[in-house]
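Here's a quick tour of a fold, starting with the overall shape and then zooming in on one strand and its neighbours. Have a look at the model first.

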Amino acid sequence: MTDEQAQPGGTTGLFIYGIVPSDVEPTPDAEGVGDPPGEVTVVRHGELAALVSEVGLEEPMGRPADLTAYQTLLDGTAAVAPVLPVRFGTVVTGPDAVEDLLAAHHDRFANALDEFEDRLQYTVHGRFDEEAVIGDFLAENSAAAALADQVRGRPEAESREQRIRLGEMISQGVELRREAENRALIDTLTPYVVSHAPRLPSNELDAMNVAFLVDTEDEEEFVRVLEEFAEQRRDVVRMRLLGPLAPYDFVTAHQLAE
């Protein structure tokens with residue numbers, strides 16, 4: 001969704017968080033972005049509503065507190081109603097612009113909300129224990145193990161080329177292990193999810209990073225199976241589960257206006 005520009009001379013706009021069914025009401029304590037935080041309200045059109053708050057157009061956006069407010073509002077909403085997250089930082093000129101947006105894409109948004117009824121996102125992130133994963137790699141790769149023996153105890157200046165080669169081999173080995181772990185995670189959880197969305201690694205030691213869309217009735221079983229999966233890898237991978245979340249990774253370009 002493209003950001004709409006404020007009218008010349010305007011000092012405030014409306015920050016759009018997400019699109020929800022028209023009967024959704026923000027809680028009285030809901031806080032928006034900005035300093036001080038803006039009051040979260042709704043703009044309705046037909047069967048749809050948009051969660052919005054007023055922001056100053058001169059106010060810098062993108063502080064960690066702003067992103068936290070954006071995510072907190074959307075994740076809290078997703079716990080009680082379907083929500084389509086709108087790209088962070090989308091600001092329009094006012095209520096009329098929001099209504100125009102909802103009217104122009106009413107059926108598309110309504111259909112997308114139906115898809116996310118009683119569904120939530122969970123994100124599974126894992127990171128390798130560096131010593132353990134390298135130890136496993138060297139135990140399985142005799143050439144790398146031999147190279148490690150060659151450089152051990154030698155000055156870096158003397159063994160620079162061997163160290164570079166060893167580093168490349170380890171990096172490739174970790175990447176292959178990451179691919180295998182992601183496949184294993186997806187294969188294990190596929191029976192308990194609606195969909196999955198692999199995410200790019202955020203660190204060279206990432207073992208897995210995958211978003212899953214889960215029916216609320218399957219949440220308990222999903223978590224149980226994931227805990228078993230994590231226990232089997234506890235010596236090599238430190239895993240964490242983020243969620244329940246709004247379906248950030250599953251709202252596609254065809255569901256929201258471009």
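Two strands count as paired if DSSP finds at least two bridges between them. With that cut-off, E1 and strand E4 (residues 84–85) make a pair: they're joined antiparallel by two bridges. Keep in mind that this is a predicted model.

Zooming out, the protein has seven helices and nine strands. Its radius of gyration is 23 Å, whereas a compact globule of 258 residues would come in near 18 Å. The C-alpha trace spans about 70 × 45 × 30 Å along the principal axes. Of the contacts between residues at least 6 apart in sequence, 77% link residues at least 24 apart.

Now back to E1. Buried residues make up 42% of the 258 residues in the protein. In strand E1 (residues 12–21), nine of the ten residues are buried, so the strand is largely enclosed by the rest of the structure. Which strands pair with E1, and over how many bridges? Here's the rundown:

| Partner of E1 | Sense | Bridges |
|---|---|---|
| E3 (residues 48–56) | antiparallel | nine bridges |
| E5 (residues 91–92) | antiparallel | two bridges |
| E4 (residues 84–85) | antiparallel | two bridges |

At residue level, Phe15 has Ser53 as its bridge partner in E3, and Phe15 also stands opposite Val91 in E5. Over in E4, Leu84 is the bridge partner of Ile19.

Terms used
Residues numbered from 1 in each chain as written. Predicted model: local features only at pLDDT ≥ 70, side-chain atom pairs only at ≥ 80, totals over all residues. Heavy atoms only, no water. Helix = DSSP H or I, 4+ residues; strand = E, 2+ residues; numbered from the N terminus. Rg over C-alpha atoms; globule rule 2.2 N^0.38 Å. Buried < 20%, exposed > 50% of the residue type's maximum accessible area, 1.4 Å probe, protein only. Contact = heavy atoms within 4.5 Å.
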